[in-house]
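Subject: Structure handover

Hello,

Here is the structure you were waiting for. My notes on it follow below the model.

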Amino acid sequence: MLEQMRRQGASIFIYLIFGLLIVIFVINFAPSSNRGGMEGGCSTSSNTVVSVDGENANQSAYLVAYSANGASGRQKVYLALEQITRRELLAQAAGARGIRATGDLVDEEIKQGFFFLGGQRIDFKQQFFDENGLFRIKQFKNWVSSLNVSTGSYREEQARGLQAAMMSDLLTSSVRVSRDEALANYLYDNNTVTYDVVTFDPGKYRQAMRLGDADTKRFLEGHLAEVEARYKADERTYKSVKPQLALREIFIPKASPEAPKPADDKAAKPADDKAASPADDKAAKPADKKPEADKKADKIAEKKPAAGDAPNPRGLPPDVAKTKLEAVRAAIVAGKLTFGDAEKQLAADSSEDAAADNGDRGWRSAENAGLGDKEVNDAVKTLKPGEMTPVIVTERGAHLVIATDKREGDLSFDQVKMEIASALAKDVWSKEAAKRDALDVLAKAQAGTGKNLDQMFERELVKPSGGFEEMLNNPNLTPEQKQQLLQQLIEQQKHGALEVHEQDVPVAWYGDADGSAHGAAAAPAAGSAAMGTAAAGAGSGSGSGSAAPPASPPATAAPQVIEPSKDVLPPFGEIPKAKVNRLGPSPRQAKMPGVGGSKDAINALFDELAPGNLAKKVYEGEAGSYIVLQLINRSQPNVTEFDKKADAEITRMQEARGKAALRDWLKNRCETFAKAGKIKPAADRIRETDDKGNPAPTVYHPCMYFDYLDR
């Protein structure tokens, strides 16, 4: 009896010893301790890295998301947290609908070469399978090892990721596209226009503007409120200003050799003859039969050659330029000539930019004036108001610079008002001049002076783009540039907008406010077997492609009226003559070639104008330019061609809408949970410090990278 008690006591003692060893092993080798050295503050007392709606994601989830994302630095930590949050939002919604990822299903997905991250299914077949189609177990183990987790932990994380992916599939497949919608979209995208556009670019007027002090004062008097507003907006830039100099410069560029004139004259005629295409020949014959009034109008249009076509040669040999500038400098020092008068005397020899700015270089930093040549910048540093540099000859030409004023410290409004007024005047009056010329051209065309734009203007020599297909076939484009063009094309397609009637599932899709087709999301078909009957109850709809009631149309914005102002404009030098550019055929896009994003102009081309008609008004195009339009041709798509690609078009639209549905669902849900405090990342993961280790403001907040993850 005593012997039996001794044996029982020994057994209990052994069990206690093994139990103690297990506790020690768990404490020392738990994932939260042996992965504590990773970036992002993993040395926590808790195994939780982020809590989403009361459910905790552990260290293994973080290690997989951290190691698998391609970011660096702190962004690698933030993306890991975002991937986990995204996964949890989807997985929890899946669980609420009874969607489960069984062990067998997870194993099957892994064996097929899939990896799940943030609820997204990523194809890793190429990495896990050899050329014979056999699964490479060694490669798989190396992959799991690179994520810093055990095979068991990896399998658990993949099960959660698969559950999230099934919910993602459910949401994207819940969107339906009818054949009628696809047809409407096809007709919309393939309705093309060919049109002529004449662009009046304010930049050219700005360069030719001859703005004097009297003009600047006049602008200041008429636009004082605008000048004061600009000063207040930029006031901080006028505080503690380092020494600046007001500079004027006479620059005579080094002369470039001219081509022999006789050779040019002889070459011109045969070149012109050969340049005429058959289309040009055909166009020329009717022109011979024009009435005298039309011929006279053509002669008037052709009388003045386009500025810039045959520019006057400028510049001098360096030694000649130096001699001229030294003589001028001596006259200025002797008081016989002012610097301004010298600029006018040498305008014919000066560069285009010097003539355009009348020699005024504005306020420049005394330390680095930014005048283009080190020798000139160094000479300017020591100037005092009224002093000039010596004549400096560089590789570009000869320079003479004078400092007319100096300033530093805090600058008052009175000190800078003329400078601000000058800059604003150039902006405002260059646009005004471009606008007036555009309005004048339209009025003449409407009055029958030139009838068509191509009769009033020379044709733009630059070949217009033939659309995305031609650009993509350009052999000079790199693969990266072609990919960017494709991405732009995708972004320009009509995606519509999702209307979410329930908290979890989008049930209707409405077209854009500009009048595209509507469609409702149908009840989703059952997904994989693991979803069971839960998928059928995930959303409700009106069947395949039935129309949903449209939302109330937004108030139509009043059309923009472009009229000239009453400002008296300053004088302008020679302005390059505008040219007509024929564009298209182009489909309707958010931004049209030569037109930009002007909805009024785009609507005129597609909905209002008849072929051959001029637009009834001037439109504002890209970069503040003004444009005059004429529709040449409108092409309707061949509806019978749609039958050949109907299925592909429906699939494409459904995929696009499905991705939009998923993106909006995730973003809305994440922001709602974050606002309610239901997404809580571990404090040590998002803690920030400066270079010295001192606490810094927190950068991360939930949902900040969701748009990036769902691109």
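How many bridges join strand 8 to strand 9, and do they run parallel or antiparallel? Strand 8 and strand 9 (residues 397-409) are joined by two bridges and run antiparallel. Two strands pair here if DSSP finds at least two bridges between them. Helices (H or I, at least four residues) and strands (E, at least two) are DSSP runs, numbered from the N terminus.

Before the rest, the basis of these notes. This is a predicted model, in which local features need pLDDT of at least 70 and side-chain atom pairs count only at pLDDT 80 or more, while totals for chains, interfaces and linings use all residues. Residues are numbered from 1 along each chain as its sequence is written, and side-chain values use heavy atoms, with hydrogens and water left out.

Overall picture

The chain holds 27 helices and 18 strands. It has 711 residues, of which 38% count as buried; buried means under 20% relative accessible area, exposed over 50%, and partly exposed in between (1.4 Å probe, protein chains only). Contact means heavy atoms within 4.5 Å. Among contacts between residues at least 6 apart in sequence, 72% join residues at least 24 apart.

Strand 1 (residues 48-52) and strand 2 run antiparallel and are joined by four bridges. Within that pair, Val-50 stands opposite Ala-57 of strand 2.

The axes of helix 12 (residues 224-233) and helix 20 (residues 413-446) come within 9 Å and cross at roughly 110 degrees. Helix 12 and helix 20 are therefore roughly perpendicular to each other (angles under 35 degrees count as roughly parallel, over 145 as roughly antiparallel, 65 to 115 as roughly perpendicular and the rest as oblique). On the helix 12 side, the contact includes Leu-224, Val-227 and Tyr-231, and on the helix 20 side Phe-413, Ile-420 and Leu-424 are among the residues. The residues of this contact divide into nine nonpolar, no polar and four charged. In this count Ala, Val, Leu, Ile, Met, Phe, Trp, Tyr, Cys and Pro are nonpolar, Asp, Glu, Lys and Arg are charged, and the others, Gly among them, are polar.

Helix 4 (residues 74-96) and helix 25 (residues 639-675) have axes that come within 11 Å and cross at roughly 100 degrees. These two helices, helix 4 and helix 25, are therefore also roughly perpendicular to each other. Thr-85, Arg-86, Leu-89, Leu-90 and Ala-93 of helix 4 make the contact with Leu-662, Trp-665, Leu-666, Arg-669, Cys-670 and Phe-673 of helix 25. They divide into eight nonpolar, one polar and two charged.

Backbone details

A cis peptide bond joins Gly-584 and Pro-585, with omega about 0 degrees. Pro-585 lies in strand 13 (residues 580-587).

Ser-240 is a residue other than glycine with a positive phi, near 50 degrees. Ser-240 sits in the loop between helix 12 and strand 6 and is exposed, with a relative accessible area of 61%. Ala-623 also has a positive phi, near 55 degrees, and is found in the loop between strand 14 (619-620) and strand 15 (626-635). Ala-623 is exposed, at a relative accessible area of 78%. From Ala-623 to Gly-203 is 420 residues in sequence and 9.1 Å in space, C-alpha to C-alpha.

Regards

Definitions and conventions:
Axes are lines fitted to C-alpha atoms, for helices over the stretch in contact, and angles run from 0 to 180 degrees between N-to-C directions.
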